[in-house]
2 protein chains.
Amino acid sequence: VRSERAIIASIARAFRATGRGAPGVFAGMGDDAAILRLGQSLWAVSTDACVEGAHFLSGLHAPEDSGYKALARSVSDLAAVGATPRYFLMNLAVPPARTGAWLRRFTAGMARAARFLDMHLIGGDTTAAPQHAPVSANLCVLGEIQGGRPVLRCGARPGDILFLSGVAGAAQLGLELVRRNLHRRARYRNLLRRHLHPEPRIALGQWLAQHKLATAMIDTSDGLSTDLFNLCSAGRVGAEIDLARLTKPRVPAELLRKKFSPEEMALHGGDDYELLFAVRAEYSARIPARFKGVPLTTIGRITAGSVIRVREGGKLRTLLPRGWDPFR
Amino acid sequence: VRSERAIIASIARAFRATGRGAPGVFAGMGDDAAILRLGQSLWAVSTDACVEGAHFLSGLHAPEDSGYKALARSVSDLAAVGATPRYFLMNLAVPPARTGAWLRRFTAGMARAARFLDMHLIGGDTTAAPQHAPVSANLCVLGEIQGGRPVLRCGARPGDILFLSGVAGAAQLGLELVRRNLHRRARYRNLLRRHLHPEPRIALGQWLAQHKLATAMIDTSDGLSTDLFNLCSAGRVGAEIDLARLTKPRVPAELLRKKFSPEEMALHGGDDYELLFAVRAEYSARIPARFKGVPLTTIGRITAGSVIRVREGGKLRTLLPRGWDPFR
């Protein structure tokens, strides 16, 4: 059994002969989205699997919510390079018994996301999955870079300031409420939003790309620690972040009593689909405290070397990537 | 349980509000590939699932062959609109135990196809499948329309002549040999080629698009009867084909004795990845008998109405789409 990183590295090796420096490829494997120079414009293309049991739980999530989220999380990869979402294709593998009402509700939720995100379905494929197999939706999304320049994972330099949008761990908190069957309580409804209906930070990504303000960017889909690790490896740099600075969700006392740590959740909780980005220190004052209502927080800075550290209660300790790895 | 057609129709309905007449969409859902106007050029985008058990059989097929074929069959959708293959992305769902040698061999085969087809891997995603789940590879392929105009499924008119490239049912014959464990015999090796190593008809598709010779085109991935049905429904026309005219594979006597019908195989056998296209009668003489070594056969003509008939032994009978439907 190999880690996701090792698998991707081995695939990259197999295709190196054909994938490196291909004509028209501005950025290829290893980023949130590939960037292609098509005609006079730059286009971002990304693909994501959304599999029942791994990315949504049919016993807990309404089909509409799962359909909405499948598209929203794919679009987050376009936001992460600063692209404007345009088109998508969907490959659906679904067991015969789920092709009726369940599928209609799933596609209704996805159609709602498509309207909200201004995405157009242009094609796809359907396959019958075996009777008890999970539903899987593979989405391929295309977005246009409108002016400026796409932001890749790899451009961070020592001294850059690290920013994070939104509330770190908010989606994980929602998932914990669902897992504990607390999600039907009206007073927690607001805490479920980032888990059930993530809003890819499209406008923020576009703004950073158009003004060439970010040196590197990634969306926090796998958890801050893992995504920060990926951003740092891509740029061959390290980082130092301050736990006290992270905007953490308010955790209900009922969860706190169950040894539930908001800090752990903020550092490693997945599915946030916020933007983590680096900005040259001299430009960092141009980043507002809120962008269209979304808080932007300075969480630390890029360092030389490759170690990632977190300051916690006055002490610096090494931060390991303990977010989501599907093969762990 | 609904048919694939019904499922696709219901998805199309759900997204109609967002998918119809979207800016930049030259052709959307319902064709072999979507056609986008990106900058000054037209691009074809298509996506296909390749699932173990449905599209390849790990007990029978070498991982290298499955990897090769996964990419070749996706590229066939680009050939079917006359596009030149350029880039692809791959979503891989693989059980942890298959991430080692099996995956290396699968990707080696796919890398060989990529070199042969001049395709560049630009991105993707990996997901851990459960322990005994099938491997699935979802590919998204992009190709450029170089001059001329893309050929859609929907342009056939009554009186157009129908052409088919290659040998009808050749891939199915190969599959039957594999199923009967006859594929290791040296004298049958040649009969396996279209099953194991389909060659998408890229040059033929490009030539037809560039010279605007075809009014409608589709690749025969699901079997001639089903693909002809899809081409006719798209154009709201019927067709009449002549069974005697189809180029059929030479079936070994050993198979013929097992009530194995070359005619049935030619009409309904899937996986051929040949091109089926319609040409105005006045231009049909411009279609050569062979194109770069591949035979092109006049198999019939487009008729008014919606019925598809086949002439067999002097008699015309209705031809039903009895090719591949994953939900049957």
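Predicted model: local features only at pLDDT ≥ 70, side-chain atom pairs only at ≥ 80, totals over all residues.
I started with B:R201, which is buried at a relative accessible area of 13% (buried is under 20%, exposed over 50%, partly exposed in between, with a 1.4 Å probe and protein chains only). I then looked up where they sit: B:E274 is in the loop between α9 (262-268) and β10 (275-279) of chain B, and B:R201 is in the loop between α5 and α6 (202-210), so the pair ties together parts 73 residues apart in sequence. Helices here are DSSP runs of H or I with at least four residues, strands are runs of E with at least two, and both are numbered from the N terminus.

Residues are numbered from 1 along each chain as its sequence is written, chains are lettered from A in the order in which they are written, and side-chain values use heavy atoms, with hydrogens and water left out.

**More salt bridges**

I searched the whole structure and got 32 salt bridges over all chains. One of them joins B:R185 to B:E254, with the closest N and O atoms 2.9 Å apart. This pair also links distant parts of the chain, 69 residues apart: B:R185 is in the loop between α4 and α5 (193-196) of chain B, and B:E254 is in helix α8 (residues 253-256). B:R185 is partly exposed at 33% relative accessibility, whereas B:E254 is buried at 18%.

I found a local one as well, between B:E176 and B:R179 (3.5 Å, N to O). Both are in helix α4 (residues 170-179) of chain B, three residues apart, about one turn of the helix. B:E176 is buried at 10%, but B:R179 is exposed at 52%.

**Where the chains meet**

Next I checked the interface. I count 64 residues of chain A in contact with 64 of chain B (heavy atoms within 4.5 Å). Together the chains bury about 5,300 Å², 69% of it on carbon and sulfur atoms; that is the accessible area (1.4 Å probe) lost on putting the two parts together, summed over both. A:F15, A:I122 and A:T126 supply 12% of what chain A buries against chain B, more than any other three residues.

How many salt bridges cross between chain A and chain B? The rule finds zero.

**Two helices**

I looked at α7 of chain B (residues 224-235) for length. Its twelve residues should span 16 Å at 1.5 Å a residue, and the end C-alpha atoms are 16 Å apart, which agrees (expected span is 1.5 Å times one less than the number of residues). Nine of the twelve are buried, so α7(B) is largely enclosed by the rest of the structure. Among the buried ones I noted B:L224, B:D227 and B:C232.

For α2 of chain A (residues 63-79), the 17 residues should span 24 Å, and I get 25 Å between the end C-alpha atoms, which agrees. α2(A) is mostly covered, with 16 of its 17 residues buried.

Notes. Salt bridge = Lys/Arg side-chain N within 4 Å of Asp/Glu carboxyl O.
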